[in-house]
Each structure stands twice: as structure tokens, then as C-alpha cells.
Amino acid sequence: MISANVPTEEREMAGEIVFIEDDPDDVFLIERACKNAGLGELKQFLPNGKEAVDYFSQLLVEGAGLSAPKLIFLDLNMPLMGGLEFLGWLRQRPVFQSIPVVVLTTSENPKDIAAAYRSGANAYIVKPTLGSELTQIMVSARQFWLNYNRTE
Amino acid sequence: MGVEGPLNTAPCGFLVFTNDGRIVEANDTLLQLLGYPAKELIGKKIESILTVASAIFYQTHFFPLLALNGNAEEIFITLLSKEKHDVPMLAYANRREDTYQCIFVPVRQRQKYEEEILAARRAAEEAVQSNQELIVASKQLKAQSEELDRRRVISEQKSRELLQVTDILFHDLREPLRKIESFTNLLSELKGSKEQDRMCVVKIDAACRRMSQLLRALQEFVSVEAADDRIESVHMTGISNDAYRAACAMHPDVSARFHAEPIPVIEGYSRQLQLMFLHVFDNAFKFRRVDTELVVRITATVVQENRFRGSKERYHYVDFLQLLVEDNGIGIPLEYSESVFQLLRKLDINDPGTGCGLAICRKIVENHFGSITLIPKGHGGAGFKILLPMKHDHLNSPQGAL
């Protein structure tokens with residue numbers, strides 16, 4: 001969660017990229033890739049869809065002074081609430097409709113891919129096995145979604 | 001002598017005859033009914049207007065009854081017309097002094113009705129008979145349908161299980177494997193590791209790759225489901241050419257020639273048939289002779305084959321497309337003609353395939369209710385005979401395929 005003690009600039013930075021990912025091993029690998037990609041301080045990890053709903057619900061509270069993330073990486077298979085269910089919840093809220101959501105998952109199932117786009121995903125990436133590849137994904141994602149992409 | 005008054009033209013025949021059976025009076029109605037000119041009957045014996053059977057009946061029953069009781073009612077008797085046609089009549093008679101007077105009411109309709117009743121009865125009897133046969137047939141059908149239903153339940157259960165396995169293949173099994181690969185890669189990136197450690201990492205990495213490849217092949221195998229696709233007209237020539245190009249792209253360093261006859265359009269699952277061609281061609285590329293240019297040849301003919309494959313003694317010959325796909329590669333010994341189509345049955349442990357390609361081919365062909373077999377090739381190389389039904393009417397029916 002975002003701490004009130006963090007200075008304003010850093011607080012805005014802290015949740016710029018949100019990873020919704022339940023697997024601690026993947027969290028470890030992603031953190032490592034983010035560090036190598038120079039995204040060390042921008043990220044926030046949420047362990048499942050339900051906690052993500054709680055997190056985004058807080059952003060809806062007026063006067064909390066929290067800003068919405070600029071990019072979401074979403075896993076599909078998670079306990080309590082899966083990725084697609086969370087995505088459905090998110091896209092129903094007008095303020096969150098333009099946040100880019102990149103599905104980052106193990107599944108190569110065409111049905112999962114189709115369902116993700118139907119639910120409002122902007123991109124679908126199968127988790128690579130090479131750490132260097134994951135780093136490259138983070139570098140590209142930052143460049144494309146945070147630098148070039150316009151949401152407003 | 002004619003008949004005087006209204007009785008002459010009354011709507012019934014009127015006849016007077018004597019004790020010895022001689023006709024003394026006949027009205028016009030009777031004459032008309034029997035086709036005699038006026039007065040021609042007078043003086044004739046009554047037997048002359050009776051059929052042989054009626055004459056006997058007259059002598060043995062009708063007349064004795066009349067003589068004894070003085071009257072007879074509602075006697076069915078057949079008269080004979082001048083043209084020797086039967087005229088069925090209902091007769092009423094009584095005695096008047098020494099003569100007998102008799103009226104005849106034609107009963108042609110009644111006889112027709114009786115004939116109809118008889119015909120209806122015969123039809124009913126036949127119906128009962130054929131109904132018996134129907135009942136037997138219906139019992140057999142019911143038994144067969146119960147058996148089908150039972151098999152269907154089993155097959156639905158199997159396919160649900162298979163779906164679960166598919167999910168596991170798609171996700172759960174992949175997950176730990178990917179972790180092993182990821183962390184092995186991390187290990188190899190670490191500086192200062194020993195030569196021996198690096199060799200272990202390479203081995204683990206290779207095993208992971210192989211495992212990943214197998215999972216992918218298995219996944220492809222289970223995902224080739226008839227239920228996912230729709231029957232359509234498939235341009236076999238086009239998709240076989242596309243599949244050949246794809247196979248070439250997978251083996252860019254191989255020089256190969258392709259001889260394909262135009263193949264007729266058939267009904268089928270286009271995506272699956274293209275995959276079938278791809279795996280058959282891929283098989284030819286993988287098992288080519290290193291010293292010879294690869295030649296792949298397809299010939300296509302339409303043949304008549306029995307549609308019933310699962311039931312003995314049931315025949316329905318329909319058109320099948322017969323494809324012969326042959327190459328000049330290392331070939332497959334005939335003793336493996338069954339096992340080559342089984343999943344993960346590789347003939348040579350070192351061969352580059354996953355052991356799924358031909359199993360996928362067979363599954364696709366069977367999804368089309370066809371068959372794929374190895375054909376003997378005297379001069380080397382491998383050959384496959386593929387039979388695919390030209391049409392799938394039974395799949396388009398509302399009940400679908402049983």
C-alpha cells in the first residue's frame with residue numbers, strides 16, 4: 001500500500017506500473033527484470049484480483065490524493081479472483097477504461113487469448129523463460145506504453 | 001303378363017312364379033335390373049334368372065322355406081342378368097293362393113360395403129402382421145439406441161476428462177517447467193561458475209526444452225477436436241500447397257520437389273486438414289535420405305468405400321477421397337504400420353520428431369470418419385493412403401453424428 005510518508009513526487013511514481021501476480025517466483029523474476037530495465041521504483045505488486053479490486057477501489061475514493069497507475073501487467077490464473085474477472089471489474093469503471101492492461105501469463109491457449117481481448121486487454125504476452133527476454137519486455141513496455149501511448 | 005299399376009315401376013323388382021317355378025309376372029323394374037326386354041321372362045323357369053349357386057340355394061332352402069311357412073324374408077340371393085352378370089338382391093316373398101310373389105331389392109352397395117369391410121379387415125390383419133415386425137424392429141432399435149446412449153455418456157465423460165488434461169497441459173504442467181528453465185538461465189548468467197556447473201545447466205536446459213516441446217506436441221494433439229471446428233467445403237489443392245510451403249519453411253536447408261495432382265474439393269474441417277498435410281509433409285522432410293533430393297508426390301482419386309466402420313454387416317457405400325502421399329525417404333518398415341500412428345511412439349529415439357505428428361494425422365482423419373494407413377513401398381520411401389469421405393450429411397443433421 002502507498003505510505004502517506006512518501007514525498008509527493010515519489011508517491012505518484014510508486015504505483016505507475018502495477019503487477020497483479022500471485023506467484024512469488026514470478027514476482028522475484030519480474031522484480032529482477034524491472035531492476036535491469038531501470039523500472040525499479042515504479043512498480044507495485046498485488047497478489048490476486050481481489051486485492052487488486054481493493055487497491056483500485058481506494059483510488060476511486062475522492063480526496064485520497066492517489067493517482068491511477070499508467071500500466072497494468074495482469075496474470076490470468078490466480079487464487080481468490082482470476083485476471084479476467086478483475087479485468088471485467090476494472091473495465092466497468094469509466095475512470096479505469098483507458099489504463100493499458102497487458103496480460104502476462106503462462107497460458108498459450110488460444111481460448112485464453114481470445115477471452116483476454118474480449119474482456120478488454122490491450123496486449124497479451126506469454127511469460128518468457130529467459131530472464132533477458134523478460135527484461136527486454138519491460139524496456140519495450142515502458143517505452144511504448146509510458147512514453148508513446150496516449151490515454152488522455 | 002306385365003304388372004299393372006304403381007308396382008310396375010316401384011323401386012324394387014317384383015316377380016310372381018308358380019309352384020313349379022314358372023314365371024308368370026315380372027315388373028319393369030326387375031326387367032331393367034336384369035336387362036331383359038319387356039315380357040321376355042314370362043313363361044320361363046325362375047332358374048333362368050338365378051346363378052348356379054342361387055339355383056341350388058333356391059331349391060334346397062328358399063323354396064322349401066316359402067312352401068312351408070308361406071313367406072320368406074331378408075333372403076340374400078344373387079340373380080343373373082341377361083348378360084350373365086351377377087345382380088345381388090335381398091328377397092322378400094309370400095304365397096298368394098297357388099302362386100308366390102316376390103320382391104327383390106338390389107344390394108350392390110351393401111356388397112360393396114362388405115367388400116370394403118373385408119378389405120379393411122384384411123388390411124388390419126396385414127397391419128397387425130407388419131406391426132409385429134415393426135415391434136421387433138423397434139425393440140432392436142431401442143436396444144441399439146440405449147447402447148449408443150451409454151457409449152455417448154462414456155465418451156462425454158472421457159472428453160470431459162480430456163479437457164481437464166488439456167487444461168493441465170496448457171497451464172499447470174508448463175508452469176513448473178518454465179520456472180526450471182528460468183532459474184537455470186539465471187544460474188548460467190551468474191559469473192564465476194565452474195565448467196562442471198555450466199555443463200549441468202546446459203543439460204538441464206536441454207531436458208527442459210525437450211519436455212517443453214513434448215508438452216507442446218501433446219497439447220496440439222488434444223486440441224485437434226472436431227467439436228471446435230465447423231464442416232465446410234475445403235479446397236484441398238490450396239491447403240495442401242500451403243501446408244507444403246509451411247513444411248519447406250520449417251526445413252529451409254532441405255532441397256525438395258513436390259508433385260501434386262489437383263485434389264477435389266471435399267467437406268471437412270479446413271484447419272485440421274491443413275494440419276494433417278503439414279504433419280505428413282513434415283514427416284517426409286524429417287525422414288528424408290541425406291544423399292538424395294527429397295521428392296514428395298500426391299495422387300488423388302475418388303473411390304467407393306463403406307461408410308460404416310464401427311458396425312459389422314452394415315454397409316453404405318459412399319464416395320471417399322483417396323490420397324496417396326509418397327516420398328523417397330528412408331521409409332517405414334511395415335511391421336510398424338500400426339505403431340507409427342500412436343502417440344509418442346518413435347521408431348528411433350534419436351529422430352528429430354516429437355512422436356506426435358502421425359498421431360495427430362490419424363486423429364484428424366478419424367475426426368472426418370476416414371482412415372490413414374501405411375502402404376507397402378517396394379522401392380523404398382514412405383507412403384500413406386488417406387481416405388476421407390467427400391460429404392458429411394450426417395454431421396449436418398440436427399442430431400449431429402452419433
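Me: Does A:Phe96 count as buried or exposed?

Reply: This is a predicted model in which local features need pLDDT of at least 70 and side-chain atom pairs count only at pLDDT 80 or more, while totals for chains, interfaces and linings use all residues. Residues are numbered from 1 along each chain as its sequence is written, chains are lettered from A and ligands numbered from 1 in the order written, and side-chain values use heavy atoms, without hydrogens or water. With buried meaning under 20% relative accessible area, exposed over 50% and partly exposed in between (1.4 Å probe, protein chains only), the 2% relative accessibility of A:Phe96 makes this residue buried.

Me: What kind of pair do the rings of A:Phe56 and A:Phe96 form?

Reply: Over all chains there are 20 aromatic pairs, counted where ring centres of Phe, Tyr or Trp (its six-membered ring) lie within 6.5 Å, with planes under 30 degrees apart stacked, over 60 edge-to-face and the rest tilted. The centres of A:Phe56 and A:Phe96 are 5.2 Å apart and their planes stand at 85 degrees, so the pair is edge-to-face.

Me: What handedness has the crossing of α2(A) and α6(A)?

Reply: The axes (lines fitted to C-alpha atoms over the stretch in contact, with angles from 0 to 180 degrees between N-to-C directions) of α2(A), residues 24–37, and α6(A), residues 131–148, come within 8 Å and cross at roughly 60 degrees. Helices here are DSSP runs (H or I, at least four residues), numbered from the N terminus. With right-handed meaning that the near helix is turned clockwise from the far one by less than a right angle, and left-handed anticlockwise, this crossing is right-handed.

Definitions and conventions: Helices (H or I, at least four residues) and strands (E, at least two) are DSSP runs, numbered from the N terminus.
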